[in-house]
Amino acid sequence: MNRTKFIGIAGGSIIATVLTSYLFSDKSNLLRKDLKLISSNNATFKVDENEILHLASLAPSGHNAQPWFVQYLEPYNWIIGNDKSKWLPAVDPTQRETILSIGAFIQNLEYAASTFGYICHWTLLAKTNQDEQVVQVKLNKIESKNPFDISKIRTRRTVRSNFLNDELKTEDLQYLTSSEPEFIHYLPAIGKEGRFISDQTMVANRLQTYRDPAQQELSDWIRFSTKDTDKYRDGLTTASMEIEGFSGWVVRNFYNKDNVMKKDFREVGLDKVKQQVSESAGWILITSKDNLVATLLETGRRMQRLFLKVREKNIAIHPMTQILEEPSIQQQLNQAVGISENIQFILRLGYLKDYPKPVSLRRPVDWFVRS
Ligand SMILES: Cc1cc2nc3c(=O)[nH]c(=O)nc-3n(C[C@H](O)[C@H](O)[C@H](O)COP(=O)(O)O)c2cc1C
(Lines give C-alpha, C1' and ligand atoms only; values in the text may rest on other atoms or scores of the structure.)
Protein backbone atom coordinates (compact mmCIF):
# COMPACT_ATOMS: atom_id res chain seq x y z
CA MET A 1 0.00 0.00 0.00
CA ASN A 2 1.46 3.35 -0.90
CA ARG A 3 1.54 6.26 1.54
CA THR A 4 -1.20 8.30 -0.12
CA LYS A 5 -3.53 5.28 -0.21
CA PHE A 6 -2.78 4.54 3.48
CA ILE A 7 -3.47 8.16 4.52
CA GLY A 8 -6.71 8.04 2.50
CA ILE A 9 -7.92 4.87 4.21
CA ALA A 10 -6.82 6.01 7.68
CA GLY A 11 -8.44 9.43 7.18
CA GLY A 12 -11.63 7.80 5.95
CA SER A 13 -11.88 5.51 8.95
CA ILE A 14 -11.23 8.41 11.38
CA ILE A 15 -14.06 10.40 9.76
CA ALA A 16 -16.32 7.31 9.87
CA THR A 17 -15.50 6.79 13.58
CA VAL A 18 -16.15 10.46 14.39
CA LEU A 19 -19.45 10.43 12.48
CA THR A 20 -20.58 7.19 14.12
CA SER A 21 -19.63 8.51 17.57
CA TYR A 22 -21.55 11.72 16.89
CA LEU A 23 -24.54 9.73 15.64
CA PHE A 24 -24.70 7.77 18.87
CA SER A 25 -23.88 10.75 21.11
CA ASP A 26 -26.25 12.80 23.28
CA LYS A 27 -27.24 15.15 20.46
CA SER A 28 -30.17 17.18 21.72
CA ASN A 29 -31.64 18.57 24.89
CA LEU A 30 -34.64 16.94 26.48
CA LEU A 31 -37.16 19.79 26.59
CA ARG A 32 -40.47 20.29 28.32
CA LYS A 33 -42.32 19.93 25.01
CA ASP A 34 -40.83 16.43 24.58
CA LEU A 35 -42.65 15.14 27.66
CA LYS A 36 -46.33 14.24 27.81
CA LEU A 37 -48.48 14.87 30.88
CA ILE A 38 -48.63 11.43 32.47
CA SER A 39 -52.00 10.50 33.95
CA SER A 40 -51.89 9.30 37.50
CA ASN A 41 -51.86 5.59 38.36
CA ASN A 42 -53.80 6.41 41.51
CA ALA A 43 -57.35 5.13 40.91
CA THR A 44 -59.00 7.60 43.32
CA PHE A 45 -57.21 10.52 41.70
CA LYS A 46 -59.51 12.67 39.54
CA VAL A 47 -58.31 13.93 36.15
CA ASP A 48 -58.58 17.59 37.13
CA GLU A 49 -56.62 16.92 40.34
CA ASN A 50 -53.75 15.65 38.21
CA GLU A 51 -53.94 18.75 35.97
CA ILE A 52 -54.11 21.18 38.88
CA LEU A 53 -51.10 19.60 40.62
CA HIS A 54 -49.12 19.47 37.39
CA LEU A 55 -49.79 23.19 36.83
CA ALA A 56 -48.81 23.91 40.46
CA SER A 57 -45.51 22.12 39.89
CA LEU A 58 -44.62 24.45 37.00
CA ALA A 59 -43.63 26.94 39.71
CA PRO A 60 -40.00 28.09 39.81
CA SER A 61 -37.64 26.83 42.52
CA GLY A 62 -33.95 27.28 43.35
CA HIS A 63 -31.87 24.91 41.12
CA ASN A 64 -35.26 23.55 39.97
CA ALA A 65 -35.14 21.28 43.02
CA GLN A 66 -38.98 21.26 43.28
CA PRO A 67 -38.96 21.02 47.09
CA TRP A 68 -42.62 20.09 47.49
CA PHE A 69 -44.70 16.97 47.95
CA VAL A 70 -48.44 16.44 48.28
CA GLN A 71 -50.01 14.20 50.87
CA TYR A 72 -53.28 12.94 49.41
CA LEU A 73 -55.90 12.78 52.19
CA GLU A 74 -58.98 12.34 49.99
CA PRO A 75 -60.17 13.82 46.68
CA TYR A 76 -59.65 17.59 46.68
CA ASN A 77 -58.17 17.55 50.17
CA TRP A 78 -54.37 17.63 50.31
CA ILE A 79 -51.48 18.61 52.51
CA ILE A 80 -48.69 20.47 50.75
CA GLY A 81 -45.39 19.29 52.20
CA ASN A 82 -41.78 20.41 52.38
CA ASP A 83 -39.51 17.70 50.95
CA LYS A 84 -36.33 17.71 53.02
CA SER A 85 -34.46 15.65 50.43
CA LYS A 86 -34.71 18.63 48.04
CA TRP A 87 -33.23 21.29 50.32
CA LEU A 88 -30.18 23.30 49.27
CA PRO A 89 -28.28 23.61 52.57
CA ALA A 90 -25.16 25.24 51.10
CA VAL A 91 -26.98 28.24 49.63
CA ASP A 92 -30.20 28.17 51.65
CA PRO A 93 -29.29 26.92 55.14
CA THR A 94 -32.51 28.20 56.77
CA GLN A 95 -34.83 26.91 54.00
CA ARG A 96 -36.02 30.47 53.34
CA GLU A 97 -35.91 29.91 49.58
CA THR A 98 -37.54 26.50 49.95
CA ILE A 99 -40.58 28.12 51.57
CA LEU A 100 -40.63 30.89 48.93
CA SER A 101 -40.66 28.21 46.22
CA ILE A 102 -43.49 26.37 47.97
CA GLY A 103 -45.31 29.72 48.06
CA ALA A 104 -44.97 29.95 44.27
CA PHE A 105 -46.32 26.37 43.99
CA ILE A 106 -49.32 27.34 46.14
CA GLN A 107 -50.06 30.39 43.98
CA ASN A 108 -50.02 28.29 40.81
CA LEU A 109 -52.25 25.74 42.52
CA GLU A 110 -54.82 28.37 43.48
CA TYR A 111 -54.84 29.91 39.99
CA ALA A 112 -55.12 26.48 38.31
CA ALA A 113 -57.91 25.44 40.70
CA SER A 114 -59.88 28.59 39.80
CA THR A 115 -59.71 27.64 36.13
CA PHE A 116 -61.16 24.22 36.87
CA GLY A 117 -63.93 25.85 38.95
CA TYR A 118 -62.63 25.41 42.49
CA ILE A 119 -61.98 27.77 45.34
CA CYS A 120 -59.17 26.87 47.75
CA HIS A 121 -59.46 26.88 51.53
CA TRP A 122 -56.04 26.99 53.14
CA THR A 123 -54.97 26.04 56.67
CA LEU A 124 -51.43 26.82 57.71
CA LEU A 125 -49.76 23.87 59.47
CA ALA A 126 -46.06 24.76 59.56
CA LYS A 127 -44.57 26.82 62.37
CA THR A 128 -41.01 26.67 61.04
CA ASN A 129 -39.35 26.49 57.62
CA GLN A 130 -38.38 22.90 58.45
CA ASP A 131 -41.80 21.46 59.34
CA GLU A 132 -42.80 18.73 56.93
CA GLN A 133 -46.48 19.63 56.67
CA VAL A 134 -46.79 23.18 55.35
CA VAL A 135 -50.46 23.85 54.51
CA GLN A 136 -53.65 21.89 54.05
CA VAL A 137 -55.84 22.79 51.11
CA LYS A 138 -59.44 21.83 50.38
CA LEU A 139 -60.89 22.56 46.96
CA ASN A 140 -64.60 23.38 46.77
CA LYS A 141 -66.52 23.55 43.51
CA ILE A 142 -67.88 27.00 42.75
CA GLU A 143 -69.40 28.84 39.85
CA SER A 144 -66.19 30.03 38.20
CA LYS A 145 -66.38 33.81 38.04
CA ASN A 146 -62.80 34.69 37.42
CA PRO A 147 -60.88 31.76 35.93
CA PHE A 148 -57.15 32.34 35.53
CA ASP A 149 -55.60 32.03 32.09
CA ILE A 150 -53.53 28.88 32.66
CA SER A 151 -51.54 29.39 29.47
CA LYS A 152 -49.64 31.98 31.55
CA ILE A 153 -48.57 29.21 33.94
CA ARG A 154 -47.59 26.92 31.08
CA THR A 155 -45.51 29.52 29.24
CA ARG A 156 -43.77 31.17 32.21
CA ARG A 157 -40.05 30.58 32.35
CA THR A 158 -36.83 31.96 33.73
CA VAL A 159 -34.79 33.61 30.96
CA ARG A 160 -31.13 34.34 31.59
CA SER A 161 -29.65 35.69 28.35
CA ASN A 162 -30.13 38.25 25.62
CA PHE A 163 -31.95 40.91 27.66
CA LEU A 164 -32.19 44.29 25.99
CA ASN A 165 -30.94 47.32 27.89
CA ASP A 166 -34.08 49.36 27.14
CA GLU A 167 -35.55 51.08 30.16
CA LEU A 168 -38.84 49.81 31.53
CA LYS A 169 -41.80 51.73 30.06
CA THR A 170 -43.77 53.64 32.69
CA GLU A 171 -47.00 51.80 31.88
CA ASP A 172 -45.27 48.42 32.19
CA LEU A 173 -43.70 49.37 35.49
CA GLN A 174 -47.11 50.50 36.70
CA TYR A 175 -48.66 47.20 35.55
CA LEU A 176 -46.05 45.12 37.39
CA THR A 177 -45.76 47.02 40.64
CA SER A 178 -48.99 48.91 41.27
CA SER A 179 -50.87 45.99 42.86
CA GLU A 180 -48.40 45.72 45.75
CA PRO A 181 -46.17 48.82 45.70
CA GLU A 182 -45.07 48.46 49.32
CA PHE A 183 -43.49 45.05 48.60
CA ILE A 184 -42.25 45.42 45.02
CA HIS A 185 -39.37 47.86 44.53
CA TYR A 186 -37.95 48.69 41.11
CA LEU A 187 -34.36 49.88 40.74
CA PRO A 188 -33.42 50.99 37.20
CA ALA A 189 -30.09 49.51 36.05
CA ILE A 190 -28.64 52.95 35.37
CA GLY A 191 -29.41 54.31 38.85
CA LYS A 192 -27.01 54.24 41.80
CA GLU A 193 -28.90 51.45 43.58
CA GLY A 194 -29.29 49.40 40.39
CA ARG A 195 -25.55 49.64 39.74
CA PHE A 196 -24.88 48.55 43.32
CA ILE A 197 -27.00 45.41 42.79
CA SER A 198 -25.23 44.64 39.51
CA ASP A 199 -21.77 45.05 41.05
CA GLN A 200 -22.57 43.10 44.20
CA THR A 201 -24.26 40.31 42.22
CA MET A 202 -20.93 39.85 40.50
CA VAL A 203 -19.01 39.90 43.80
CA ALA A 204 -21.44 37.45 45.44
CA ASN A 205 -21.28 35.10 42.45
CA ARG A 206 -17.49 35.06 42.61
CA LEU A 207 -17.61 34.31 46.31
CA GLN A 208 -20.19 31.57 45.87
CA THR A 209 -18.60 29.90 42.88
CA TYR A 210 -15.35 29.46 44.84
CA ARG A 211 -17.19 28.29 47.97
CA ASP A 212 -16.81 24.56 47.42
CA PRO A 213 -19.92 23.32 49.28
CA ALA A 214 -22.08 25.69 47.19
CA GLN A 215 -20.38 24.64 43.96
CA GLN A 216 -20.67 20.96 44.94
CA GLU A 217 -24.37 21.43 45.61
CA LEU A 218 -24.80 23.09 42.22
CA SER A 219 -23.05 20.15 40.57
CA ASP A 220 -25.46 17.76 42.29
CA TRP A 221 -28.37 19.53 40.61
CA ILE A 222 -26.92 19.71 37.10
CA ARG A 223 -28.39 17.03 34.85
CA PHE A 224 -25.60 16.59 32.36
CA SER A 225 -26.91 13.85 30.09
CA THR A 226 -30.33 13.39 28.54
CA LYS A 227 -30.46 10.03 30.34
CA ASP A 228 -30.15 11.73 33.75
CA THR A 229 -32.51 14.51 32.73
CA ASP A 230 -35.16 11.95 31.86
CA LYS A 231 -34.47 9.92 35.00
CA TYR A 232 -34.81 12.82 37.47
CA ARG A 233 -36.97 15.41 35.63
CA ASP A 234 -35.60 18.17 37.85
CA GLY A 235 -32.44 20.22 38.27
CA LEU A 236 -30.62 22.29 35.69
CA THR A 237 -30.22 21.00 32.16
CA THR A 238 -28.04 22.35 29.37
CA ALA A 239 -31.23 23.81 27.88
CA SER A 240 -32.37 25.52 31.08
CA MET A 241 -28.85 26.86 31.70
CA GLU A 242 -29.02 28.17 28.12
CA ILE A 243 -25.87 26.33 27.07
CA GLU A 244 -26.70 25.96 23.41
CA GLY A 245 -25.27 24.40 20.26
CA PHE A 246 -21.82 22.84 20.27
CA SER A 247 -21.13 23.89 23.91
CA GLY A 248 -24.31 22.13 25.02
CA TRP A 249 -23.29 19.01 23.11
CA VAL A 250 -19.87 19.03 24.77
CA VAL A 251 -21.40 19.43 28.26
CA ARG A 252 -23.96 16.64 27.69
CA ASN A 253 -21.41 14.19 26.37
CA PHE A 254 -18.16 14.92 28.18
CA TYR A 255 -18.95 16.78 31.43
CA ASN A 256 -19.67 15.46 34.88
CA LYS A 257 -19.74 16.77 38.47
CA ASP A 258 -15.93 16.90 38.63
CA ASN A 259 -15.79 19.45 35.80
CA VAL A 260 -18.02 21.82 37.78
CA MET A 261 -15.37 22.00 40.50
CA LYS A 262 -12.62 22.96 38.02
CA LYS A 263 -11.40 26.53 37.68
CA ASP A 264 -12.29 26.89 34.00
CA PHE A 265 -15.93 25.86 34.61
CA ARG A 266 -16.19 28.37 37.48
CA GLU A 267 -14.62 31.14 35.38
CA VAL A 268 -16.82 30.46 32.36
CA GLY A 269 -19.82 30.69 34.71
CA LEU A 270 -18.60 34.02 36.06
CA ASP A 271 -18.09 35.37 32.53
CA LYS A 272 -21.68 34.45 31.81
CA VAL A 273 -22.90 36.26 34.94
CA LYS A 274 -20.86 39.33 33.94
CA GLN A 275 -22.58 39.33 30.57
CA GLN A 276 -25.98 38.84 32.20
CA VAL A 277 -25.69 41.73 34.67
CA SER A 278 -24.56 44.02 31.86
CA GLU A 279 -27.92 43.42 30.14
CA SER A 280 -31.09 44.58 31.85
CA ALA A 281 -33.68 47.27 32.33
CA GLY A 282 -33.21 47.01 36.06
CA TRP A 283 -33.88 45.03 39.21
CA ILE A 284 -36.97 44.24 41.21
CA LEU A 285 -36.58 43.57 44.91
CA ILE A 286 -39.46 41.85 46.66
CA THR A 287 -39.70 42.50 50.37
CA SER A 288 -41.68 41.23 53.32
CA LYS A 289 -42.50 42.61 56.75
CA ASP A 290 -41.06 39.61 58.65
CA ASN A 291 -39.70 36.12 58.14
CA LEU A 292 -42.57 34.02 59.52
CA VAL A 293 -43.55 30.94 57.49
CA ALA A 294 -46.91 32.48 56.53
CA THR A 295 -45.16 35.66 55.37
CA LEU A 296 -42.56 33.77 53.32
CA LEU A 297 -45.31 31.72 51.66
CA GLU A 298 -47.18 34.92 50.81
CA THR A 299 -43.95 36.44 49.46
CA GLY A 300 -43.39 33.40 47.22
CA ARG A 301 -46.96 33.84 45.99
CA ARG A 302 -46.32 37.53 45.37
CA MET A 303 -43.22 36.74 43.31
CA GLN A 304 -45.19 34.19 41.28
CA ARG A 305 -48.08 36.62 40.63
CA LEU A 306 -45.50 39.03 39.24
CA PHE A 307 -43.69 36.33 37.26
CA LEU A 308 -46.97 35.30 35.59
CA LYS A 309 -47.55 38.87 34.39
CA VAL A 310 -44.30 39.57 32.58
CA ARG A 311 -44.42 37.41 29.47
CA GLU A 312 -47.37 39.28 27.96
CA LYS A 313 -45.25 42.45 28.17
CA ASN A 314 -42.24 40.74 26.57
CA ILE A 315 -40.33 41.16 29.82
CA ALA A 316 -38.01 38.48 31.18
CA ILE A 317 -37.32 37.74 34.83
CA HIS A 318 -34.09 36.21 36.09
CA PRO A 319 -33.86 35.60 39.86
CA MET A 320 -30.27 36.23 40.96
CA THR A 321 -30.21 35.37 44.63
CA GLN A 322 -26.46 35.17 45.37
CA ILE A 323 -26.34 38.49 47.29
CA LEU A 324 -28.96 37.11 49.68
CA GLU A 325 -27.12 33.79 49.97
CA GLU A 326 -23.70 35.22 50.88
CA PRO A 327 -23.99 36.81 54.36
CA SER A 328 -20.91 39.03 54.02
CA ILE A 329 -22.46 40.71 50.95
CA GLN A 330 -26.07 40.60 52.16
CA GLN A 331 -25.17 42.67 55.26
CA GLN A 332 -24.67 45.86 53.25
CA LEU A 333 -27.70 45.46 51.00
CA ASN A 334 -30.54 47.19 52.88
CA GLN A 335 -28.56 50.31 53.65
CA ALA A 336 -27.15 50.60 50.13
CA VAL A 337 -30.57 50.43 48.47
CA GLY A 338 -32.40 52.36 51.20
CA ILE A 339 -34.92 49.63 52.03
CA SER A 340 -35.52 48.69 55.66
CA GLU A 341 -37.81 45.65 55.16
CA ASN A 342 -36.62 42.08 54.60
CA ILE A 343 -35.46 41.62 51.01
CA GLN A 344 -36.54 38.14 49.88
CA PHE A 345 -36.01 38.21 46.11
CA ILE A 346 -33.60 39.93 43.74
CA LEU A 347 -34.91 39.71 40.18
CA ARG A 348 -33.16 40.97 37.06
CA LEU A 349 -35.62 42.34 34.55
CA GLY A 350 -35.42 43.20 30.89
CA TYR A 351 -37.23 43.25 27.57
CA LEU A 352 -36.57 40.47 25.09
CA LYS A 353 -36.61 40.51 21.31
CA ASP A 354 -37.62 36.84 21.13
CA TYR A 355 -39.24 35.12 24.08
CA PRO A 356 -38.10 31.48 24.24
CA LYS A 357 -40.45 28.64 25.18
CA PRO A 358 -40.13 27.02 28.62
CA VAL A 359 -37.61 24.18 28.72
CA SER A 360 -37.10 23.21 32.37
CA LEU A 361 -38.55 19.84 33.36
CA ARG A 362 -40.88 18.80 36.16
CA ARG A 363 -41.42 15.50 37.94
CA PRO A 364 -44.66 13.77 36.98
CA VAL A 365 -47.41 14.31 39.56
CA ASP A 366 -47.28 10.68 40.75
CA TRP A 367 -43.65 11.19 41.79
CA PHE A 368 -44.51 13.91 44.31
CA VAL A 369 -47.92 12.70 45.56
CA ARG A 370 -47.89 10.48 48.63
CA SER A 371 -51.02 8.63 49.69
C1 LIG B 1 -36.12 31.05 45.39
C2 LIG B 1 -35.54 30.98 44.00
C3 LIG B 1 -34.20 31.30 43.79
C4 LIG B 1 -33.65 31.24 42.50
N5 LIG B 1 -32.35 31.65 42.30
C6 LIG B 1 -31.82 31.64 41.06
C7 LIG B 1 -30.50 32.12 40.83
O8 LIG B 1 -29.81 32.58 41.73
N9 LIG B 1 -30.00 32.06 39.57
C10 LIG B 1 -30.74 31.58 38.52
O11 LIG B 1 -30.24 31.55 37.40
N12 LIG B 1 -32.02 31.15 38.70
C13 LIG B 1 -32.57 31.16 39.95
N14 LIG B 1 -33.86 30.75 40.13
C15 LIG B 1 -34.64 30.26 38.99
C16 LIG B 1 -34.67 28.74 38.96
O17 LIG B 1 -33.41 28.22 38.61
C18 LIG B 1 -35.75 28.27 37.96
O19 LIG B 1 -36.98 28.68 38.45
C20 LIG B 1 -35.76 26.78 37.76
O21 LIG B 1 -34.58 26.35 37.14
C22 LIG B 1 -36.95 26.33 36.90
O23 LIG B 1 -36.94 26.99 35.68
P24 LIG B 1 -38.19 27.85 35.17
O25 LIG B 1 -38.33 29.02 36.09
O26 LIG B 1 -37.81 28.26 33.77
O27 LIG B 1 -39.40 26.97 35.21
C28 LIG B 1 -34.45 30.82 41.41
C29 LIG B 1 -35.79 30.51 41.63
C30 LIG B 1 -36.35 30.60 42.89
C31 LIG B 1 -37.81 30.28 43.11
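Modeller: Helix 2 and helix 3 cross in a right-handed manner, where right-handed means that the near helix is turned clockwise from the far one by less than a right angle, and left-handed that it is turned anticlockwise. This is a predicted model, in which local features need pLDDT of at least 70 and side-chain atom pairs count only at pLDDT 80 or more, whereas totals for chains, interfaces and linings use all residues. Residues are numbered from 1 along each chain as its sequence is written. Helices (H or I, at least four residues) and strands (E, at least two) are DSSP runs, numbered from the N terminus.

The axes of helix 3 and helix 2 (residues 47–57) come within 7 Å and cross at roughly 140°; axes here are lines fitted to C-alpha atoms, for helices over the stretch in contact, and angles run from 0 to 180 degrees between N-to-C directions. Helix 2 contributes Ile52, Leu55, Ala56 and Ser57 to this contact, and helix 3 contributes Phe105, Asn108, Leu109, Ala112 and Ala113, a contact being a pair of residues whose C-beta atoms, placed from the backbone, lie within 7 Å. By class, these residues are seven nonpolar, two polar and no charged, where Ala, Val, Leu, Ile, Met, Phe, Trp, Tyr, Cys and Pro count as nonpolar, Asp, Glu, Lys and Arg as charged, and the others, Gly among them, as polar.

Helix 3 also packs against helix 12 (residues 293–310), with axes that come within 7 Å and cross at roughly 55°. Helix 3 is therefore oblique to helix 12, since angles under 35 degrees count as roughly parallel, over 145 as roughly antiparallel, 65 to 115 as roughly perpendicular and the rest as oblique. This crossing of helix 3 and helix 12 is right-handed. On the helix 3 side, the contact is made by Arg96, Ile99, Leu100, Ser101, Ile102, Gly103, Ala104, Ile106, Gln107 and Asn108, which meet Val293, Leu296, Leu297, Glu298, Thr299, Gly300, Arg301, Met303, Gln304 and Arg305 of helix 12. The residues of that contact divide into nine nonpolar, seven polar and four charged.

The domain assignment, which is automatic or from a database, gives domain 1 (33–156 + 360–370) and domain 2 (170–351), and their C-alpha centres lie 22 Å apart. Contacts link 35 residues of domain 1 with 29 residues of domain 2. On the side of domain 1 that touches domain 2, helix 3 and helix 4 (151–155) are the elements that give two or more residues, and the largest share, eleven residues, comes from helix 3. That side of domain 1 has 16 nonpolar, eleven polar and eight charged residues.

Lastly, there is the ligand. It is surrounded by 21 residues, of which the closest are Pro60, Asn64, Arg157, Thr158 and Ser360; a residue counts here if its C-beta atom, placed from the backbone, lies within 6 Å of the molecule. Helix 3 (96–115) and strand 9 (315–319) are the elements that give two or more residues to this shell, and helix 3 gives the most, with four residues. The shell comprises seven nonpolar, eleven polar and three charged residues, and at least three of its residues are drawn from each of domain 1 and domain 2.

Definitions and conventions:
Two residues are in contact if their C-beta atoms, placed from the backbone, lie within 7 Å.
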